Amino acid sequence: MGTLSRLARRLADLVGAHRAALQPAVCGPGIAKLGATPLDGLPSVGLARLRGTHLKYFAPSTVEEAVGLLAQPNTKVFAGATDVIPQIRAGRPEPDALVDLKKIDRLIAVQCTDAKWIIGAATPTARLTANAEFSAEFPGLAEAAGLIGSDQVQSRSSLGGNLCNASPAADSVPAMIVNGARVVIATANGGTRSVAVQDVPTGPGRTSLAPGEFVVEIEVDRAPARTADAYLRMIPRTEMDIAVVGVGVRVTLDESGKVTDALVALGAVAPTVVRVPAAEAALIGSTLDDAALAVAAAAASAACNPIDDKRGTIAYRTHVAGVLTRRAAVIAGQRAAEKNGASR
Amino acid sequence: MTIAEDPATTAPGYKWVGTRMIRPDGFEKVTGRARFGADLKLNGMLYGHVLRSPHAHANIVSIDTSEAEKMAGVRAVITRADFPAPSGPAGDQDLQRNAMAREKVLYEGHVVAAVAAQTRGQAKAAAEAIKVVYEVLPHVMTVDEAMAPSAALLHPNLMTKGIDPAPTGPSNVASRALYQGGDLDLGFAESDVVVEGTFTTKPVHHGYIEPHAAVADTTPNGRTTLWCSSQGHFTMRAMSAKVLGWEPSRLKVIPAEIGGGFGGKTTIYLEPLAVRLSQKAGRPVKMVMSRDEVFRATGPASGTKIVAKMGFKNDGTMVAAELWMAYEAGAFAGSPAGAGSMTALAPYTVANFLIEGFDVVVNKPKVAAYRAPGAPMSSFAVESLIDEAATKIGMDPIEIRLKNAVTEGCQATYGPKFPRIGFVETLEAIKNHPNYQIPLGPNQGRGVASGFWFNAGLNSSATVHVNEDGNVIVVTGSPDIGGSRASMALMAAEEFGIDAARIQPVVGDTESVGYNDQTGGSRTTLATGAAVIEACRKILADLRGRAAKQWDVPLDKVEWVDGQAQHVDGTQPPLSLEDLAKGWNRTGGPLTASAALNARGVGSAFSTQVVDLEIDPDTGHVTVLRYLTAQDAGRAIHPSYVEGQLQGGVVQGLGWALNEEYIFDRNGKMENASFLDYRIPVASDMPMIDTIVVEVPNPGHPYGVRGVGEVGIVPPLAAVANAVEHAVGRRLRDLPLSPVRILDAILNKDC
Ligand SMILES: Cc1cc2nc3c(=O)[nH]c(=O)nc-3n(C[C@H](O)[C@H](O)[C@H](O)COP(=O)(O)OP(=O)(O)OC[C@H]3O[C@@H](n4cnc5c(N)ncnc54)[C@H](O)[C@@H]3O)c2cc1C
């Protein structure tokens with residue numbers, strides 16, 4: 001039985017390590033400062049082997065160092081690399097160098113002030129979803145982040161990567177947009193600029209970031225009272241799939257339960273996430289009654305501009321966008337009602 | 001360590017058979033020590049990479065490897081010029097042409113060349129530098145396209161076999177299978193209820209976790225050792241030799257552990273390429289497929305189109321059945337249209353029937369065996385129509401099957417008479433299970449289906465050695481995919497009457513044990529098990545003889561009981577296996593015996609299954625609520641692995657029914673060659689699959705074993721379609737029943 005008990009101990013160690021990784025952190029754990037030099041040692045090996053070429057790996061420990069590295073041509077940042085590695089494996093053009101953002105403390109931190117949450121762009125989504133306060137305040141965004149891949153993927157994947165990969169089906173993006181999230185971008189000249197999340201992706205695989213720029217943080221204003229979000233997606237299976245349709249909804253209620261503010265955003269039904277003002281207008285002023293929900297659902301369907309592809313048809317996506325809009329609005333409304341009385 | 005965790009399950013009269021020992025290969029597998037196909041590293045080893053066709057159908061005008069040969073690290077490049085011209089029977093020629101394209105490429109992914117270099121990157125870069133000039137030809141992707149009068153032909157000399165009069169010109173139809181009985185017109189005229197429809201299924205892949213891998217090492221004298229993961233290393237030897245133009249004996253094939261096969265690892269892909277590259281380079285060469293290559297270049301199960309019509313009496317009696325079935329073969333003849341035709345109606349007695357099965361070539365990868373090859377598709381059509389008939393007649397779906405079920409002595413639609421079988425018992429088991437009574441809620445449906453599959457016999461050999469300490473080594477040549485080492489150990493333990501932990505089951509290479517056919521056709525526990533039992537019995541006879549000699553008594557005074565030789569009158573102290581092994585110097589030398597056989601007495605496998613599922617009426621999403629399968633195992637040697645086989649078949653069948661399909665673009669290129677978009681079920685999609693192991697012993701086997709590996713995948717396709725019909729009120733006849741299709745059916749109910 002010796003082998004078995006050794007195995008059991010090893011498993012216990014691994015689970016322990018996993019739990020530790022999930023602890024919410026205000027600033028990054030003590031990681032070795034690797035410096036801005038190409039590494040010949042361990043970390044570079046895995047990447048350099050990707051396609052047998054001489055891909056360089058950099059692990060800067062500050063934003064400034066990263067900005068400097070990105071001045072080199074054909075250099076790309078990565079966080080979890082859960083998009084980057086599969087894409088290179090699948091034959092996408094390989095950069096000359098990859099810059100690992102996970103060694104920069106500021107990029108793997110979750111902080112909360114009176115005014116806003118600041119999420120390091122490379123923070124593993126597992127760490128974000130394990131943050132009970134964050135998940136209580138933004139259940140929909142936490143759900144969306146928690147849908148990405150599997151436990152293994154989530155211990156690597158980031159909101160910054162999900163956004164900048166610019167897939168129309170990225171799960172966290174509609175949820176970030178309905179919460180009015182902004183990104184802080186490090187610019188090539190050493191400064192920063194801030195833009196709304198919805199202005200980052202410009203089309204499948206394309207963003208508004210200029211060469212040399214990268215996202216440092218994602219900022220979300222604290223949720224007002226009686227406000228809650230929800231995110232739902234349709235996938236043929238139950239996990240490990242790409243959204244055929246994704247819908248984020250956030251509503252704010254007044255004390256009587258009437259909607260005073262609403263935001264609706266659809267994923268995977270157009271080249272970029274679609275806000276649906278007509279659906280929002282239908283919800284505002286309503287008590288999320290059937291009539292209002294039906295108008296909102298129809299508006300969401302009407303706002304779709306999807307494609308027919310191996311994952312779904314135009315007709316299917318259009319119909320289901322309405323269905324999920326209605327369902328997400330109901331869930332967000334229930335959550336907001338539960339928050340009634342208590343602020344936040 | 002307790003071997004028998006659950007002694008209560010021991011079959012009556014047996015001590016080891018029917019217990020649940022920890023599988024002998026389990027420790028190595030769960031601790032990552034087991035060596036699978038891609039794990040081997042040899043000194044000086046090169047890496048091979050394959051250049052594959054980007055076209056579904058094209059003439060190869062020219063191949064220029066000169067640039068590639070000059071590239072860094074490159075040690076060998078091979079093309080069609082490095083293999084002998086195809087010769088021999090048509091099947092052999094197809095094997096050769098599939099391993100390396102000759103005049104034409106016949107599907108996207110067809111091998112055109114291969115390179116061996118010092119690194120994977122160098123091999124890939126060099127393969128990409130090979131210049132191939134193609135003349136693209138029109139392609140055909142479905143049986144309808146391929147059978148159209150003006151269809152582009154894949155093979156200029158393919159003449160349809162099995163039609164009379166023989167055709168005068170070539171076509172894409174390789175053969176027709178025909179089974180008929182009674183008078184069809186009369187049968188339909190007698191019918192009170194006639195049901196009919198056209199059913200289609202898509203090509204699906206087994207999705208085994210381990211991609212194909214091979215390492216070859218050719219010495220200067222030309223002898224070659226090949227390590228590969230397969231379902232039968234003797235077959236890999238024979239097939240590779242054919243492509244190489246060698247005698248099989250020039251190759252020694254060492255089996256790696258296999259990470260899943262399900263029929264897909266019964267043929268060669270990389271093996272002859274690795275050998276030829278190694279021969280040319282004078283170094284060992286390793287080749288491993290990517291998942292993308294597994295999808296594009298290895299065999300899926302056939303896509304099919306089936307037109308079916310069945311007639312029933314008002315009391316449920318099946319009186320007529322007509323099936324027209326076309327199976328995609330992929331680029332070369334050899335779909336399981338024949339097996340699909342034989343199995344389609346096998347569970348039932350029907351007086352009047354006509355079954356035609358066509359084997360049709362299309363520009364897709366050549367299909368491979370997949371768990372009960374051919375049966376799930378034809379069963380999908382038949383079991384769907386039986387369900388429709390039951391609804392029309394107002395009969396319970398199990399009752400209508402019981403009404404028509406074959407029993408001992410019935411003649412199967414494909415010819416032979418059934419010996420004792422357990423089909424009725426599987427139907428009764430489901431009928432009497434509490435699951436079958438659970439009330440259903442809104443949007444929920446219950447579906448029942450049954451299935452039949454043969455057990456293959458074929459050739460097996462085994463060698464059994466007793467060590468000097470009285471422990472036993474059992475060597476077979478059957479790769480262990482589903483726990484067969486455990487079954488071999490249990491059967492040997494039963495024979496010797498010793499603890500199964502004292503048996504070491506080994507899968508020997510092609511030079512360490514006699515010939516074995518593949519692990520497939522649900523045959524290994526049955527046939528290789530029979531060889532093991534026979535070899536054990538030879539040693540037991542030897543042991544009794546040695547005890548008789550030692551006691552100086554006639555042989556019939558010695559019996560073997562509980563692991564020891566005993567004098568029938570109790571006049572001698574017993575001699576244990578250890579005692580006899582210790583003393584072998586004085587009694588005739590080491591204890592060893594071999595047995596080889598062509599297995600007879602193969603059983604028939606039947607399964608009945610019931611699924612409850614719920615459909616989201618607004619998205620078409622299916623949730624499988626519960627699943628119950630009852631299957632006749634004859635005798636469950638290791639019940640856990642029998643249950644595992646039953647559950648595994650169901651899971652794969654559910655994937656086939658719900659979401660799995662190959663998707664091709666207009667140019668015949670596969671669009672979903674990854675596990676992201678080729679959707680096999682994930683763990684959270686599955687409920688617990690409840691199993692009932694029915695044991696109606698197979699009269700042809702010493703322990704009553706029936707093969708259990710395959711039939712479980714036969715019923716799920718129709719079971720799911722039947723449940724969907726009951727949940728949404730629409731009969732769906734095209735698989736997969738994806739959310740898109742189901743929602744479409746719900747929204748367009750009236751059209
Ligand atoms: C098995 C599996 C399942 C998945 N399931 C899902 C799913 O369900 N839903 C889903 O939405 N996604 C899914 N994904 C995709 C992926 O995991 C997510 O998009 C993830 O959020 C990407 O984060 P990352 O940190 O790994 O990104 P990376 O791979 O590190 O980066 C992605 C892209 O963003 C860029 N980038 C990363 N960080 C920054 C930054 N700070 N500033 C500027 N550019 C940046 C990179 O250059 C790259 O182009 C899955 C992936 C896998 C492998």
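A salt bridge is counted here wherever a side-chain nitrogen of Lys or Arg lies within 4 Å of a carboxyl oxygen of Asp or Glu, and by this rule the count comes to 55 salt bridges over all chains. The structure is a predicted model, in which local features need pLDDT of at least 70 and side-chain atom pairs count only at pLDDT 80 or more, while totals for chains, interfaces and linings use all residues. Residues are numbered from 1 along each chain as its sequence is written, chains are lettered from A and ligands numbered from 1 in the order in which they are written, and side-chain values use heavy atoms, with hydrogens and water left out.

One salt bridge in chain A pairs A:Arg193 with A:Glu213, whose closest N and O atoms are 2.8 Å apart. A:Arg193 belongs to strand 7 (residues 192-196) of chain A and A:Glu213 to the loop between strand 9 (206-207) and strand 10 (214-221), so the pair ties together parts that are 20 residues apart in sequence; helices (H or I, at least four residues) and strands (E, at least two) are DSSP runs, numbered from the N terminus. A:Glu213 counts as buried at 12% relative accessibility, whereas A:Arg193 is partly exposed at 29%, where buried means under 20% relative accessible area, exposed over 50% and partly exposed in between (1.4 Å probe, protein chains only).

Another salt bridge links B:Asp616 to A:Arg327, with the closest N and O atoms 2.7 Å apart. Because B:Asp616 lies in the loop between strand 24 (604-615) and strand 25 (622-632) of chain B, and A:Arg327 in helix 13 (residues 314-338) of chain A, this pair joins two chains. B:Asp616 is buried, with a relative accessible area of 19%, while A:Arg327, at 27%, is partly exposed. In chain B, salt bridges also link B:Arg23, B:Asp25, B:Lys29, B:Glu257, B:Asp480 and B:Arg485 in a network.
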